[in-house]
Amino acid sequence: MCSPFSSSTLPPLYRLDRMDQDELVEVVPGWPPPQTKRWTSLMTKFVPKCCRGRVYWAVTVVLIVWYSLRFTRKPPLLAMSRSNPSTFACQGYSLDTRRCIFQNVVVQRGVIYYYAEDPLVATVPPMLCSMVNMPEIYAAPCDVRVISDPTAIATILAQTNKTENFNLGLALHRLNPGNAYHLLFEDMIPAMAMIYNASHITSNDPVPAILHTLKQQDVGIFLTDHHAGTLMDRIFWKEFYPEVTVLPLSNNVSYHVKTLVVGTRTNCVHWNHCKVTNRTRGIFDPPEAAAALRKVVFHRYGIVEEGDDTAAPASAPAAAAAAPAPAAAPAVFTPTPPRRVGPPRVTLIRRSTTRRIRNLEEVRSTIESVMGVSPHVVDMSDLGIKDQVLLAHNTDIFILVHGGAMANLLWLPPRALIIDIYPHGFLISYHSSIIHWIRKALEPVIELGHMPFQIETAEGQELLTGPMVPGCVCRSIPCQIHVFGTSALINVDVARFKEHLKEGFRAWKGAQRERGSYEKPVTPDEFERSQEEIERRRAAAPGYSSAPLCWEGP
């Protein structure tokens, strides 16, 4: 039988001011914490008055222990000390090509903390966190801070509520996570190239082996930028690589990383450097990572390419998955499938936000008259990622206004043709180059044709702020970017576009013939020189220098 407790028997942090009202009164500032006040209310309701003193004792002891553990906790696997310091090793002599591998570091709020007993000896060279190493305005250096006091690490970790541990990680500053095209080709593929290399995944590994290795490695992608987290960004990573955990900047979590990869190592990371002749041997570079992503996605969605018997449908029986592996694992660059026979499968992308085609029906009927088939008109924003992949893989001629839907070029079948339309003021000579470079880089796995179409007049084109100035031109990159991003409606010159379609249709049919192909992409340097010549001719045209500007800037 329990007996009443007096206030003198209660813990020193508390006292019962008036036993008849059972009020718990604060004696020490900050105490009792909210949890205790809630418990007091509950006990007043449910605990007999004679037993409350003992319950108060128990609650107080539990809370004191919990708070002390919370604010003095050590990270579970982190043991930064003289006997176990952080280490790093770098390759590459320039900022653009340097890659460093850190061991035993902490990542918090985009900052990499490195422990060294003597910070002067452990001088960390500058390196990039972005996978894009040029142009320089998009490159982002990493914030690496050397700490010589091991207790400072515990202090840093105490500023957050949780510590997580990863076996392998990569620091990533995203370029433009809200755009599917940039997300895929400028962030995801180059980042996974570095992860593949650090995980010792080779281009000869079959897809199940790649996915198994990634899962076993416990991989984290640590975002170091302050871009707002976008739904598109999260969906793409989760859909294509659920084995990899993408970790945004967080004020509540610290990450202990056993091995952290920072930087690019090879100048092939940016696509204009990805020539077949200059790929670094022994590294899983972006073109191979792109081809591997294509095979991984097709494997997940049950797509088996013609001529490729290495990919099993996602619904294949478990017994087939458990079958012994062949003696020689298939390469990422598989034999090209048979040539397309019959009429082309044509897809015309309809946009619902910016850069909408004002005369879409005229464009559709022109395509039908030239190619003999009615195009499938679709808004990609109405489709999920899987449906977009399936649609692209069943498209022979892909027609669209230049934009994020260009990300789907990776899923097109071999020898497909891309016709992208450039609004007036947004010039092919500057902005189709990356498509050209990606085509060149992916040539061993999917040969694609690319025939961009430039709208040459402002007639019928409207910006979000109103009609475009008649006869205007853009003489600077900022003007082009502004026009591209704010064009609400564009008007396609159907007569010129019809001739362009005829030329493209002939090129597509020629590529389907035995030993036929598209005109081979030239090297990036040759492409840039040819586009510079186009720019010189445009600038020399009568009236160009005196024409009004489409946008004069802020």
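This is a predicted model: local features need pLDDT of at least 70, side-chain atom pairs count only at pLDDT 80 or more; totals for chains, interfaces and linings use all residues.

Residues are numbered from 1 along each chain as its sequence is written, and side-chain values use heavy atoms, with hydrogens and water left out.

**Exercise 1.** State how many helices and strands the protein has, and what share of its residues is buried.

*Solution.* Begin with the secondary structure, which comes to 15 helices and 20 strands; helices (H or I, at least four residues) and strands (E, at least two) are DSSP runs, numbered from the N terminus. Next, take burial, defined as under 20% relative accessible area with a 1.4 Å probe and protein chains only: of the 554 residues, 50% are buried.

**Exercise 2.** Give the strand order of the open four-stranded sheet and explain what is particular about its edges.

*Solution.* The order is 12-20-18-19, and the pairing is mixed, where two strands pair if DSSP finds at least two bridges between them. Strand 12 (356–357) and strand 19 (466–467) are the edges, and each has a single partner strand, so one side of each lacks a neighbour in the sheet. Strand 12 runs parallel to strand 20 (residues 487–490), to which two bridges join it, and arginine 356 stands opposite leucine 489 of strand 20. Helix 13 (residues 477–486) packs on this sheet, where it touches strand 18 (462–463) and strand 20, and its direction makes about 75° with that of strand 20; touching here means contact, with heavy atoms within 4.5 Å.

**Exercise 3.** Identify the strands that pair with strand 7 in the parallel sense.

*Solution.* Strand 7 (residues 162–172) is joined to strand 10 (residues 253–263) by eight bridges, with lysine 162 having valine 253 as its bridge partner.

**Exercise 4.** Describe how helix 9 packs against helix 14.

*Solution.* Helix 9 (residues 360–371) and helix 14 (residues 494–512) pack at an angle of about 35°, with their axes 10 Å apart; axes are lines fitted to C-alpha atoms over the stretch in contact, and angles run from 0 to 180 degrees between N-to-C directions. Residues making the contact include Ile367 of helix 9 and Phe497 of helix 14.
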